[in-house]
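Got the sequence and the model open? Let's take a quick tour together.

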Amino acid sequence: MAEIGFLGMGIMGKAMAVNLLRHGFKLTVWNRTLSRCDELVKHGASVKETPAAVIKKCKYTIGMLSDPAAALSVVFDKDGVLEQMCSGKGYIDMSTVDADTSSKICEAITSKDGYFLEAPVSGSKKPAEDGQLVILAAGEKALYEEALPAFDVMGKKSFFLGQIGNGAKMKLVVNMIMGSMMNAFSEGLILADKSGLDPHTLLDVLDLGGIANPMFRMKGPTMIQENYSTAFPLKHQQKDMRLALALGDENAVSMPVAAAANEAFKKARSMGLGDLDFSAVYETVKIAKDSS
Ligand SMILES: NC(=O)c1ccc[n+]([C@@H]2O[C@H](COP(=O)([O-])OP(=O)(O)OC[C@H]3O[C@@H](n4cnc5c(N)ncnc54)[C@H](OP(=O)(O)O)[C@@H]3O)[C@@H](O)[C@H]2O)c1
């Protein structure tokens, strides 16, 4: 089996890489903070000191970076992906970025005769550990097909959505909906509490009705306990709201609900909650309640 490169050992990258190693894939990994690769070595991965060195060694390489700036930096900066990109090699960016960022990366890779695929994912830390992600790929179909054995291990379903940008856009639409839902859910939990109802009973009621969903089921009990142990960092959710709102601007789609949710995530960041789980946006609603 050909060795796969993997750049970015954050919450998601690490979980996805460990899962691939467990399923017998050979990986060479890199992370900006190199020490974060140590755990991967214990699982059998090799480590290189630069993205360029990973690209040189592997037929195709996956990137899982925080945001557009990080995704661009890993490709374009010194010792980056581009330096060793050439014919026969592929790069798959699984980070959540906007379509413009993805297009810039695609143009650069293809100008070196390499293949490019964007493949952001739906699903968080636990689905990444369990190989239950939903993969939203677009771009070079041949690279998609080459990567399918790895996608089948990382995800429960892969979509090929056509031209570059479609995967990025689909991911932003999904996360825009999720961020708006999380805010409505937070308000509901506080409203129940403030009006004399037990929020745990609200969770039971919600779970039996038409708006039951895994997010309410999983996050509700921990939010009531004010436990925001990070699965999806709040700063990344705010980035996704920002990028989704920009997509709305481009397409003249009015999104007042998403705009309000974005403000709540920005407020949470200003309160120093950016590295906590995105469910910590609950704190912004709670403050309003506590001060009344
Ligand atoms: N967590 C989730 O539930 C989830 C779910 C779906 C999609 N996503 C998306 O997946 C991506 C990764 O998320 P995550 O939760 O794994 O984030 P994370 O834990 O914050 O990890 C971010 C990764 O990006 C690297 N990075 C940041 N800035 C960089 C730069 N300028 N140059 C090079 N590397 C840089 C970090 O390296 P260091 O270790 O050196 O900081 C780290 O490896 C994001 O786009 C996120 O929106 C996340």
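Predicted model: local features only at pLDDT ≥ 70, side-chain atom pairs only at ≥ 80, totals over all residues.

Residues are numbered from 1 along each chain as its sequence is written.

Let's start with the ligand. A shell of 27 residues surrounds it, the closest being Gly10, Arg32, Thr33, Ser124 and Phe232. Why does the ligand lie between the domains? Because domain 1 and domain 2 both give residues to its shell; the domain bounds come from an automatic or database domain assignment. Helix α4 gives the most to this shell, with four residues.

| Element | Residues |
|---|---|
| Helix α1 | 11-22 |
| Helix α4 | 68-76 |
| Domain 1 | 4-164 |
| Domain 2 | 169-290 |

Helices here are DSSP runs (H or I, at least four residues), numbered from the N terminus.

Now for Lys171. UniProt's unreviewed entry marks Lys171 as "active site", though such annotations may be inferred rather than shown by experiment. Lys171 sits in helix α9, residues 166-194. Is Lys171 buried or exposed? Lys171 counts as buried because it has 26 C-beta neighbours inside 10 Å; the cut-off for buried is 20 or more other C-beta atoms within 10 Å of its own, placed from the backbone. Leaving out residues up to four places away in sequence, Lys171 touches Thr96, Pro120, Ser122 and Leu136, where contact means C-beta atoms, placed from the backbone, within 7 Å.

Note on methods. Helix = DSSP H or I, 4+ residues; strand = E, 2+ residues; numbered from the N terminus. Buried ≥ 20, exposed ≤ 12 C-beta atoms within 10 Å, placed from the backbone. Contact = placed C-beta atoms within 7 Å. Near = placed C-beta within 6 Å.
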